Amino acid sequence: MILSLENQVALVTGASSGLGYACADGLAAAGASVVVNYNSHAEPAEALAEKIRQRGGKAIALGADVSNEEEVEKLFAQTIEKFGALDILVANSGLQKDAPIGEMSLADWNKVLEVNLTGQFLCARAAIKQFRQQGAQRNVSRAAGKIIHMSSVHQVIPWAGHVNYAASKGGVDLLMRSLAQEIGEERIRVNSIAPGAIATAINAKSRDGEAGKNLLKLIPYGRIGEPEDVANAVVWLASDLSDYVHGTTLFVDGGMTLYPGFRDNG
Ligand code: BGC
């Protein structure tokens, strides 16, 4: 079977930079029409949509804050208006607001949970309603719709100084698995990707100098990931090549979850 997403429509949240940008680019390269969602940075999102169109693909940039119910509803309505259907959701938007527990404000706790977890709930719910409405007559993939949640290795690895972020990703894991259990019989596939240390703006500081050397010690495969490593996994999970993969998390982490500290310890 050949990997192709032709005639399919994908929506990627938080696609103006980092993982979302690479995923939108990769899905378009595989043939999907793509909605490049952004929250505050319209320019790079518009530029990506234009780049995709220049090479013969279909794309549009649409602004929406994924933690805002009304804006999410509008984002999905605009997607359907533009492309007539939805087949793939990559619920990617996420952020970090790090602080030791004694200094973590309620505002920073809430913000991370609202974007990383509530945002994924709102987008998944909207996608499922759309998949149901399209029903069986939409015949572009073996599944009636595919949802890919962007999680993190921190859905399993505790992370001091980042309790809001780790809690949000732990939540994404059970959101994903509970949804997969609930709607699998409707042939809607739900999975997560759990990236490790991927070179994006979110971890720029921890990849620099001495911190960067320490970070590498946590990665058995010996390199920091590239956004394309994640995009390639997303494209596969969105395609029929992974049709029997449901309710699972694909770790794209160079082995970070192998706890390499135990190689010479324990
Ligand atoms: C975080 C990054 C971090 C990586 C590995 C990701 O989920 O967003 O900041 O480098 O996990 O710890």
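Colleague: Which side chain does Arg125 meet in a salt bridge at 3.9 Å, N to O?
Modeller: Keep in mind that this is a predicted model. A salt bridge here needs a side-chain nitrogen of Lys or Arg within 4 Å of a carboxyl oxygen of Asp or Glu, and the 3.9 Å contact of Arg125 makes that cut-off. Arg125 lies in helix 4 and its partner in helix 3, so the pair ties together parts that are 52 residues apart in sequence. The partner is Glu73.

Colleague: And how far apart are the closest N and O atoms in the salt bridge of Arg125 with Glu69?
Modeller: That salt bridge joins Arg125 to Glu69. Glu69 belongs to helix 3 (residues 69-83) and Arg125 to helix 4, so this pair links parts that are 56 residues apart in sequence. The closest N and O atoms are 2.7 Å apart.

Colleague: Is Glu73 buried, partly exposed or exposed?
Modeller: Buried means under 20% relative accessible area and exposed means over 50%. Glu73 has 34% relative accessibility, so it falls in between.

Colleague: What about Arg125, what relative accessible area does it have?
Modeller: Arg125 also counts as partly exposed. Glu69, its salt-bridge partner, is partly exposed with 44%. For Arg125, the relative accessible area is 26%.

Colleague: Which residue does Asp229 pair with in a salt bridge?
Modeller: Asp229 is partly exposed, at 25% relative accessible area. The side chain across from Asp229 sits 2.8 Å away, N to O, and is partly exposed as well, at 38%. That partner is Arg223.

Colleague: Are helix 1 and helix 2 roughly parallel or roughly antiparallel?
Modeller: Helix 1 (residues 18-29) packs with helix 2 (residues 42-54) at about 15°, their axes being 10 Å apart. The crossing of helix 1 and helix 2 is right-handed. Angles under 35 degrees count as roughly parallel, so helix 1 and helix 2 are roughly parallel.

Colleague: What accessible area do Ile101, Leu106, Trp109 and Val163 have together?
Modeller: These residues form a nonpolar patch on the surface. One of them, Ile101, is in the loop between strand 4 (88-91) and helix 4 (106-134). Ile101 is exposed, with 66% relative accessible area. Together, the patch residues have about 400 Å².

Terms used:
Residues are numbered from 1 along each chain as its sequence is written. This is a predicted model: local features need pLDDT of at least 70, side-chain atom pairs count only at pLDDT 80 or more; totals for chains, interfaces and linings use all residues. Side-chain values use heavy atoms; hydrogens and water are left out. Patches are made of residues with over 30% relative accessible area and no salt bridge: like charges are joined within 9 Å, nonpolar side chains (Val, Leu, Ile, Met, Phe, Trp, Tyr) within 5 Å. Accessible areas come from the Shrake-Rupley method with a 1.4 Å probe; for residues, only the protein chains shown count as cover. Helices (H or I, at least four residues) and strands (E, at least two) are DSSP runs, numbered from the N terminus. Buried means under 20% relative accessible area, exposed over 50%, partly exposed in between (1.4 Å probe, protein chains only). Axes are lines fitted to C-alpha atoms, for helices over the stretch in contact, and angles run from 0 to 180 degrees between N-to-C directions. Angles under 35 degrees count as roughly parallel, over 145 as roughly antiparallel, 65 to 115 as roughly perpendicular and the rest as oblique. A crossing is left-handed if the near helix is turned anticlockwise from the far one by less than a right angle, and right-handed if clockwise.
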